[in-house]
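The sequence and the model are shown below.

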Amino acid sequence: MQIAVMVSGGGTNLQAIIDAIDSGKITNTEICLVYSNNPNAYAIERAKKAGIPYAVKSPKEFADRKDFNEALLQILKDANPDLIVLAGCLVVIPESVVKEFAGRIINIHPSLIPSFCGTGFYGLKVHEKALERGVRVSGATVHFVDEGTDTGPIILQKPVMIQPDDTAEVLQKRIMEQAEWKILPMAIDLIANNRVKIVDNKVVIDGYCDLSL
Ligand code: GRF
């Protein structure tokens, strides 16, 4: 399976995917493209280091959002991936891309959906809101992308306990280490090995899968 990974920032989730492919935790998978909207994303350095093709295209280069959306769709069509992985990608995915790659886009979100998700819940804000609400547990979710924001079928989730002195930054880091870097590679491996099906808008995983990770 060929995957395109879309990023905007540090790219630690991208790195987790690269490492899992190298170590054999993800099988049958090659990264055919890393796309970033942000030319300064450290994720691009990670792609370069790993010898992975990359593309940078920012909406700021275009006067009209429509033109950016077309350019983005063309970049993705040219890469021709079987799966698109949103790994910290802050660009709103155009409807045309969701249509073209229907059922073939997944996203990692740093909370247990349906909590702390939807419009406006991105980056540190997710963790600020979780701490503000005083939840005892948060975590991460890998889900398919549909036309809504964080509304597609859930593939994997992993809970992470909140600690009394957590700040949003500390919690963000713990959720990445304990959840995101594990469930995102695992979801890709499951899809690459044809073990993920959608039935009645819910994901069914074929065969045994150790969700305790
Ligand atoms: C992660 O917390 C991810 O869940 C969120 O953005 C962050 C990306 O981090 N959507 P990185 O670029 O993978 O380091």
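## Aromatic pairing

The model contains one aromatic pair, counted where ring centres of Phe, Tyr and Trp (its six-membered ring) lie within 6.5 Å. The rings of Phe 62 and Phe 68 have centres 5.9 Å apart and planes at 65°, so this pair is edge-to-face; planes over 60 degrees apart take that name, those under 30 degrees count as stacked and the rest as tilted.

Phe 62 is partly exposed, at 22% relative accessibility, whereas Phe 68 is buried at 0%. Buried denotes under 20% relative accessible area, exposed over 50%, and partly exposed the range in between (1.4 Å probe, protein chains only).

## Basis of the model

The model is predicted: local features need pLDDT of at least 70 and side-chain atom pairs pLDDT 80 or more, while totals for chains, interfaces and linings use all residues. Residues are numbered from 1 along each chain as its sequence is written, and side-chain values use heavy atoms, without hydrogens and water.

## The sheet

Seven strands form an open sheet of mixed pairing, ordered S3-S2-S1-S4-S5-S6-S7. Strands (E, at least two residues) and helices (H or I, at least four) are DSSP runs numbered from the N terminus, and two strands pair if DSSP finds at least two bridges between them. The edge strands, S3 (54–56) and S7 (154–161), each pair on one side only.

Strand S2 (residues 30–36) pairs with S3 in the parallel sense over three bridges. In this region, Tyr 35 stands opposite Ala 55 of S3.

## Helix packing

Helix H2 (residues 42–49) packs on the sheet, touching S1 (2–7), S2 and S3; contact means heavy atoms within 4.5 Å. The direction of H2 makes about 155° with that of S3. Axes are lines fitted to C-alpha atoms, for helices over the stretch in contact, with angles from 0 to 180 degrees between N-to-C directions.
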